[in-house]
Each structure stands twice: as structure tokens, then as C-alpha cells.
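User: Could you walk me through this model? I'd like to start with strand pairing and then move on to the helices.

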Amino acid sequence: MTLHNLIQIADLAKYEGQEITLRGWVYDRTDKGKLQFIQLRDGTGIAQCVAFKKDMDETEFANASKLSQESSLVITGTVRKDDRAPGLPGGYEVGIKTLQLVHHAEDYPITPKEHGVEFLMDNRHLWLRSSRQWAILRIRATIVHELRNWLDDHGYLLVDTPIITPAAGEETTTLFQLDYFGEPAYLAQTGQLYNEANMMAFGKVYCFGPTFRAEKSKTRRHLIEFWMLEPEMAFFSLEDLMDMEEQLLSHVVKAVLAKHQRELAILERDLNKLEQITAPFARISYDEAVERLQKLAAETQDPEQKALLAIEWGSDFGSPHETAIAEMFDRPVFVYHYPTAVKAFYMQPVEGRPEVCRSVDLLAPEGYGEITGGSERIYDSELIEQRVATIGLPREAYAWYLELRKFGSVPHAGFGLGLERTVAWICGLPHVRETIPYPRILNRKYP
RNA sequence: UCCGCAAUAGCUCAACGGCAGAGCAAUCGGCUGUUAACCGAUGGGUUCUUGGUUCGAAUCCAAGUUGCGGAGCCA
């Protein structure tokens, strides 16, 4: 078959008046008898291809009238401007000259009508072809690209951390255990401890990869396997960390707005909300957050809501608390100096107030909750030894980590950013299950 | 793990103690501007499972399974 002038649908408008070749899949079709409208999808966009009986070979037109959803084909034809033409980007269509069927799809299950969550999740491998998923995963790719771009351009070095680890990175989470030639090993829940070693070698580093938590969490914000970006910086204070995070995230949001107007339109995202995401973000202490929540709870009439908002100083925030705090601001808000007891063992205590630590979480607006969590790390050798002993961690497993404090220990800080939560927020999605191609959630690992 | 809700055609749902139904999809036919096209026709059912109540159960009851929403835990 001839494939002269093979183009991508995203570039269709550049070829007005020219004869071109497209390859792709039937997204939808309208049959008008002697006239067929084929919406052809090639991964870069959707083009309306019009088959007129009188313009085509009789057999090829007959094939066109039998096309089923998701059948694959190669067409040649002439590009013309037509305001009636739907598609992505739309406004141009192709008058078909030849049409070759590559494969006839039979009974494609996902139709243009509505479907339930369970059905779509069972058909995730096919659901990815739908325009909404197309939009989300393209934005996800840009978010990853822009996060890495910004870091690479600002002197941060990508240093990969292992996925198979001999011990937990944090004391709280349940890990997936592996059989490592007869010895137990675990899937990483964070690259943080290795980042601290890498930071001492390279100054400013980050790791980016999948992390695994065997928690039986069943919420709109949890995945069993999720991707985390973790920068770690030598000589950084908590304030440096917040400055850096707001620069990084406002850059990413700006880039998505610049590159993905079409995708955001498909998702019906409120662009005003994203345009507000500029540095500086709001900053409040844990103490102030608790006070504000207590005041809000006191003023709340609905008893159910009142109970959800109730909080005592010293407790970690639940999902309703995070949402309530975030709603008090029109941009992301940093909450810093959490109680030491609810945070990880390696977080630096506040001087003169050891009951709170130099930690900071970033809460996204619109109820998306915590998207980053970070802190200054303990760099004093004796203090970190003491914390490991108090928590009851097996010292031998952490010996290498503790040794970092013996050779030129420095103040340092870092954070972890949950990629899927960030994608859900920027895309305005109700659930993280659509932010990753093949979500691993409680009781689901297929497909 | 706890609380709440649900499960009926390939899909989305209706029928709520008395004949198992619609729209979409599929198949066949018609139509030269469709945007979730429209019009006509055809095929399509272990009503999640097990047990119980009843003359009679998709419908009521019990247990289980699966899913969804929320809580907790967290990024």
C-alpha cells in the first residue's frame, strides 16, 4: 500500500488542499446511505473523514459502510476546511479517495454512551482509547516532563533509588514482602533514605519512580502502586523547601495551561482555578490550622459535619480536615510544624519545642488534599540514633543510613510529591484511578 | 477494618409480591452534512450465589460474594 504524505491528525490543518494519508482507528461513524462520516482516531487527534459514494471505488465504499467501532484502517484523501467538522482539533475534514481496512473490530464493548465504573475498570486496556482518558494521560505525561525539566534546569540531579529494599523507609506503612533468595525483602514505599545518601554525594538530587504500599486504603486518593517524585537538598531549610515547592508547582501548572487547552476542555476543567496557582502559596502552622478548624467546627450547625471537623491538638488531619483547610485559600496552602508524634522518625524537631517538627505538607485546593509531604531531616548523629532506638527500628537494617550522619552531616530537607494526586488535581478528576494507565487499587490488579 | 448503598439483556437502567421491559450496542433495510444523527425491522435473560417466607419472589427475610460512596491510614 502507498503511504505517501502520511501525516498525524494533530497537524491536519497544515495540509489544507493537499492529498494525505491517515492511519488509525474508527472512533465513531454516522451512516447516511450514500454518505458516511467516519471519525478517525490516530492517537494524536480525531479527524472527520467523509466518504461520498460517487467519489470512491464501489468496493471500498461498501467496506466503509460496514466499518465497526475501533476497526483499523488506512485512508487517503484531500484535506478541506469545514466549520461543521467535529474532531480534535476539528474544523478540517478529509474527503476520502481510498480506504483500506486493516482489521475489522467485532463487538467493541465501550460504546459512546455511558458506562459504570466497574465495567470501565475491567476494560481499562480499551478505555484508554476514549477521549477523556486520552486527555488525562497526555496531561500526566506533560506534568512528569515539566517536573523533571524544572529540576534538571535548576541544578537537581536525577539519581535513581532501588525498588527492592531490605527494610522499611518509614515506620508506619505496610509493605509488600518479597522472597529475595530465601531472605525477606520489600517493595519500596519511598526512596527517601537513599536520597539522603545521594544528596551528600551530589548536593541537590531527586528520584522519580513507582512506590508501593500494602495499605487497605479504599478512597478516591489512594493507589497501591503510585509514582512519587522526591527531591532532597543539602543545606536546605524548611523555608527554602517551601520556596522551591511553590516555584516547581506553579511552573508545572503554567506549562499545562500553555500546552493543553484542548485536553483541559475535554475534561471541562475550570481554568480560572488553575490560573490562580501562582507563587507565593499560603503558609500556616499546624497550631494555626488546628485553631481555625476548631473555630470552624464550633460554627458548623450540621452535627455530622461538626463531628468530622472535630480535632484535638496532636492529632493528624483526616481527609475532611484537609479539605476544610484548603477551602480557606484560593491556592495551595503549606501547613508546617506538625506534631512530632504523627510524623516520620527522621524529621528535625523545632528548636525549643520538640513536640513539633520541621515538617511541611502542601494541601491542594478544591478538596484534593495533601499532594506533597516533606521536612528538614535530623542531621545530628546522636539524635537520629536515639529516634531509631525509641521507635524500635532494627538498628542493623539502618546502619548505613545512620552512618551518613558521621561523615560531614549537614542540615538538609526534602519532600515527596504524589504524582497521581497532582494529576487528579490539575485535571479536576474525582478519583485517582483515572490518572494512571493501569491503576492498582484495593482488590484490583486486572488488567 | 468500620459505616452506608447497590447487583436485572453486551452497556445504562425500569419493573418493587402476580406475563421480564426501554434506550443504546449488535444484525438487516432506508436516507448526500452527521455532531450521543434519524426512521423501520430482527435477535438477545440462570434477574449475583445459597437458603428461607409465600398459592406465587427480580421484588420480602437471612447469610455470603462482588462493586460503589464515605471513614481510618497516607503521597
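User: Which residue in β17 is the bridge partner of Val333?
Analyst: In this predicted model, Val333 has Leu363 of β17 as its bridge partner. Val333 belongs to strand β14, residues 333-336, which pairs with strand β17, residues 359-364, in the antiparallel sense over four bridges.

User: And what order do the strands of the open sheet come in?
Analyst: Eight strands make up the open sheet, in the order β7-β11-β12-β19-β18-β17-β14-β13, and the pairing is mixed. At the edges are β7 (157-158) and β13 (282-285), each of which pairs on one side only.

User: Switching to helices: which strands does α4 lie across?
Analyst: Helix α4 lies across β7, β11 (204-212), β12 (225-234) and β19 (412-418), and runs at about 155 degrees to β11. Helix α14, residues 419-427, lies across β11, β12, β17, β18 (369-376) and β19, running at about 60 degrees to β19.

User: At what angle do α4 and α6 pack?
Analyst: Helix α4 (residues 131-153) and helix α6 (residues 238-259) pack at an angle of about 135 degrees, with 9 Å between their axes, and the two helices are therefore oblique to each other. The crossing in which α4 passes α6 is right-handed.

User: Which residues meet there?
Analyst: From α4, the residues include Ile139, Ile143, Leu147 and Trp150, and those they meet in α6 include Met244, Leu248, Val252 and Val256. By class, the contact of α4 with α6 has ten nonpolar, four polar and two charged residues.

How values were computed
Residues numbered from 1 in each chain as written. Chains lettered and ligands numbered in written order. Predicted model: local features only at pLDDT ≥ 70, side-chain atom pairs only at ≥ 80, totals over all residues. Heavy atoms only, no water. Axes fitted to C-alpha atoms, helices over the stretch in contact; angles between N-to-C directions. Parallel < 35°, antiparallel > 145°, perpendicular 65-115°, else oblique. Left-handed = near helix turned anticlockwise from the far one by under 90°. Contact = heavy atoms within 4.5 Å. Nonpolar A, V, L, I, M, F, W, Y, C, P; charged D, E, K, R; others polar. Pairing = 2+ DSSP bridges.
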